[in-house]
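This briefing is intended for a reader who is meeting the structure for the first time. Please keep the sequence and the model in view while reading the points that follow.

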Amino acid sequence: MAYRLSLRQAARRHYERVLLLRGADFGAYLHLGRIAFDVGDYPTWRRELEHARRLDPDRFARLQH
């Protein structure tokens with residue numbers, strides 16, 4: 001919800017906490033990548049999307065970029 005309201009810092013903290021508590025999570029990596037892209041942090045954007053791709057290549061392939 002925070003991401004949809006453009007509260008990027010709160011959303012980023014939420015998704016980082018998800019990774020901390022659950023470990024690798026496709027959705028968390030994907031959203032962290034989107035947040036990084038929104039703020040122009042392209043190296044982080046690439047890194048987070050690469051994590052998502054490695055975690056679930058089939059699901060990643062179905063995304064509309």
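This is a predicted model: local features need pLDDT of at least 70, side-chain atom pairs count only at pLDDT 80 or more; totals for chains, interfaces and linings use all residues.

Which residues does aspartate 25 touch, not counting residues up to four places away in sequence? Aspartate 25 touches Val18, Leu19 and Leu55.

**Overall form**

- The secondary structure of the protein consists of four helices and zero strands, and the pattern read along the sequence is α-α-α-α.
- The radius of gyration is 11 Å, which agrees with the value near 11 Å that a compact globule of 65 residues would have.
- Taken along the principal axes, the box filled by the C-alpha atoms is roughly 30 × 25 × 20 Å.
- Buried residues make up 29% of the 65 residues of the protein.
- Among contacts with a separation of 6 or more, 38% are between residues 24 or more positions apart.

**The largest nonpolar core**

- The largest nonpolar core has 13 residues, and those that touch the most other members are Tyr15, Leu19, Phe26, Ala28, Ala52 and Phe60.
- At least two residues of this core are supplied by each of helix H1 (8–22), helix H2 (26–38) and helix H3 (42–55).
- H2 provides the largest share of the core, namely six residues.
- Apart from its neighbours within four places in sequence, tyrosine 15 is in contact with Ala28, His31, Leu32 and Ile35.

- The buried residues in H2 are Phe26, Gly27, Ala28, Tyr29, Leu30, Leu32, Gly33, Ile35 and Ala36.
- These buried residues pack against H1, H3 and H4.
- Aspartate 25 is located in the loop between H1 and H2, and it counts as buried because its relative accessibility is 19%, under the 20% cut-off.
- At the start of H2, a side-chain oxygen of aspartate 25 comes to within 3.2 Å of the backbone nitrogen of glycine 27.
- Just after H2, glycine 40 adopts a positive phi of about 80°.

- H3 contains 14 residues, and the distance from its first C-alpha to its last is 20 Å, close to the 20 Å expected at 1.5 Å a residue.
- Thr44, Glu48, Leu49 and Ala52 are the buried residues in H3.
- Viewed down the axis of H3, the buried residues fall within an arc of 125°, and therefore they line one face of the helix.
- The exposed residues Pro43, Arg46 and Arg54 are carried on the face of H3 turned away from its buried side.
- The partners against which the buried residues of H3 pack are H2 and helix H4 (57–61).

**Glutamate 48 in helix H3**

- Glutamate 48 has its place in helix H3 and counts as buried at 9% relative accessibility.
- The side chain of glutamate 48 is joined to that of arginine 47 by a polar contact of 3.2 Å.

**Two partly exposed residues**

- Glutamine 9, which lies in helix H1, counts as partly exposed at 47% relative accessibility.
- The side chains of glutamine 9 and arginine 12 are joined by a polar contact of 2.6 Å.
- Glutamine 9 and glycine 40 are 31 residues apart along the chain, and their C-alpha atoms are separated by 14 Å.
- Proline 57 belongs to helix H4 and is partly exposed, with a relative accessible area of 44%.
- A distance of 10.0 Å separates the C-alpha atoms of proline 57 and phenylalanine 26, which are 31 residues apart along the chain.

Note on methods. Residues are numbered from 1 along each chain as its sequence is written. Side-chain values use heavy atoms; hydrogens and water are left out. A nonpolar core is a set of buried Ala, Val, Leu, Ile, Met, Phe, Trp, Tyr and Cys residues joined through side-chain atoms within 4.5 Å. Buried means under 20% relative accessible area, exposed over 50%, partly exposed in between (1.4 Å probe, protein chains only). Contact means heavy atoms within 4.5 Å. The expected span of a helix is 1.5 Å times one less than its number of residues. The arc is that of the directions from the helix axis to the C-beta atoms. A polar contact is a pair of N or O atoms within 3.5 Å; within protein, one must be able to donate a hydrogen and the other to accept it, and residues adjacent in sequence count only if both atoms are side-chain atoms. The radius of gyration is taken over C-alpha atoms; the globule rule is 2.2 Å times the number of residues to the power 0.38.
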